[in-house]
Amino acid sequence: MSDKDNKGSMTVAEAGRKGGETVRNERGREFYETIGRKGGATVKAERGRSFYEEIGRKGGETVKAERGAKFYEEIGKKGGDRVKATRGPNFYEEIGRKGGQKVKKLIEEGKRAARAAMAAQEGGAAAPQQEGSTTPPAAPSGETAGPGQNE
């Protein structure tokens with residue numbers, strides 16, 4: 001058998017690996033990062049964000065089935081320790097404070113929306129109070145009156 005007849009001795013996987021190494025050596029790692037981002041943006045445009053959510057959920061379920069829930073506890077702890085080492089313990093205080101402020105804002109928005117919904121149920125859309133009116137708006141039941149309300 002001549003060398004020409006022996007062309008099929010390399011597997012597809014070996015050929016791909018060899019080609020990938022050649023491209024990496026010629027163009028660098030950044031090339032793969034760039035084309036990966038472009039490919040991801042294209043897939044997102046074609047299939048939507050929900051596609052990534054679905055495959056992420058499926059992948060997470062597979063990993064959980066193979067490695068168990070304990071695996072996630074371990075990698076979470078490692079990640080938390082790494083963040084603490086690089087950013088310091090004050091980082092957690094800062095993001096906790098920001099998170100608390102965000103929760104407080106969301107609660108306030110929810111209460112406002114609930115008040116508006118109750119007002120709409122009780123008598124149609126709540127009519128805005130006219131200037132000069134001396135009757136303050138009533139607080140919905142279950143809420144305490146704030147400053148200037150039902151004092």
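Lys 84 sits in helix H4 of this predicted model. Helices here are DSSP runs of H or I with at least four residues, and strands are runs of E with at least two, numbered from the N terminus. The protein has five helices and zero strands. Along the sequence the pattern reads α-α-α-α-α.

**Basis of the values**

- The model is predicted, so local features need pLDDT of at least 70 and side-chain atom pairs count only at pLDDT 80 or more, while totals for chains, interfaces and linings use all residues.
- Residues are numbered from 1 along each chain as its sequence is written, and side-chain values use heavy atoms, with hydrogens and water left out.

**Lys 84**

- Lys 84 counts as partly exposed because its relative accessibility is 47%.
- The classes are buried under 20% relative accessible area, exposed over 50% and partly exposed in between, with a 1.4 Å probe and protein chains only.
- Lys 84 touches Pro 89 and Tyr 92, leaving out residues up to four places away in sequence.
- Contact means heavy atoms within 4.5 Å.

**Tyr 52**

- Tyr 52 belongs to helix H3.
- Its relative accessibility is 34%, so Tyr 52 counts as partly exposed.
- Beyond its neighbours within four places in sequence, Tyr 52 contacts Gly 40, Val 43 and Lys 44.
- Tyr 52 and Gly 40 lie twelve residues apart in sequence, and their C-alpha atoms are 9.6 Å apart.

**Packing of H2 with H3**

- H2 covers residues 29-47 and H3 covers residues 49-67.
- Their axes are 6 Å apart and meet at an angle of about 105 degrees.
- H2 and H3 are therefore roughly perpendicular.
- Gly 40, Val 43, Lys 44 and Arg 47 of H2 make the contact with Arg 49, Ser 50, Phe 51 and Tyr 52 of H3.
- These contact residues divide into three nonpolar, two polar and three charged.
- Axes are lines fitted to C-alpha atoms, for helices over the stretch in contact, and angles run from 0 to 180 degrees between N-to-C directions.
- Angles under 35 degrees count as roughly parallel, over 145 as roughly antiparallel, 65 to 115 as roughly perpendicular and the rest as oblique.
- Ala, Val, Leu, Ile, Met, Phe, Trp, Tyr, Cys and Pro count as nonpolar, Asp, Glu, Lys and Arg as charged, and the others, Gly among them, as polar.

**Packing of H3 with H4**

- H4 covers residues 69-87.
- H3 and H4 pack at an angle of about 105 degrees, with axes 6 Å apart.
- This pair is therefore roughly perpendicular.
- On the H3 side, the contact uses Gly 60, Val 63, Lys 64 and Arg 67.
- On the H4 side, Ala 69, Phe 71 and Tyr 72 take part.
- By class, the contact of H3 with H4 has four nonpolar, one polar and two charged residues.

**Helix spans and the glycines that follow**

- H1 (residues 12-27) has 16 residues and reaches 22 Å between its end C-alpha atoms, close to the expected 22 Å at 1.5 Å a residue.
- The expected span is 1.5 Å times one less than the number of residues.
- H2 has 19 residues and reaches 27 Å from first to last C-alpha, close to the 27 Å expected.
- Gly 48 follows H2, with a positive phi near 90 degrees.
- The 19 residues of H4 should span 27 Å, and the end C-alpha atoms are 27 Å apart, which agrees.

**Whole protein**

- Buried residues make up 3% of the 151 residues.
- Among contacts with a separation of 6 or more, 6% join residues 24 or more positions apart.
- The accessible surface is about 13,200 Å², and 53% of it belongs to carbon and sulfur atoms.
- Accessible areas come from the Shrake-Rupley method with a 1.4 Å probe, and for residues only the protein chains shown count as cover.
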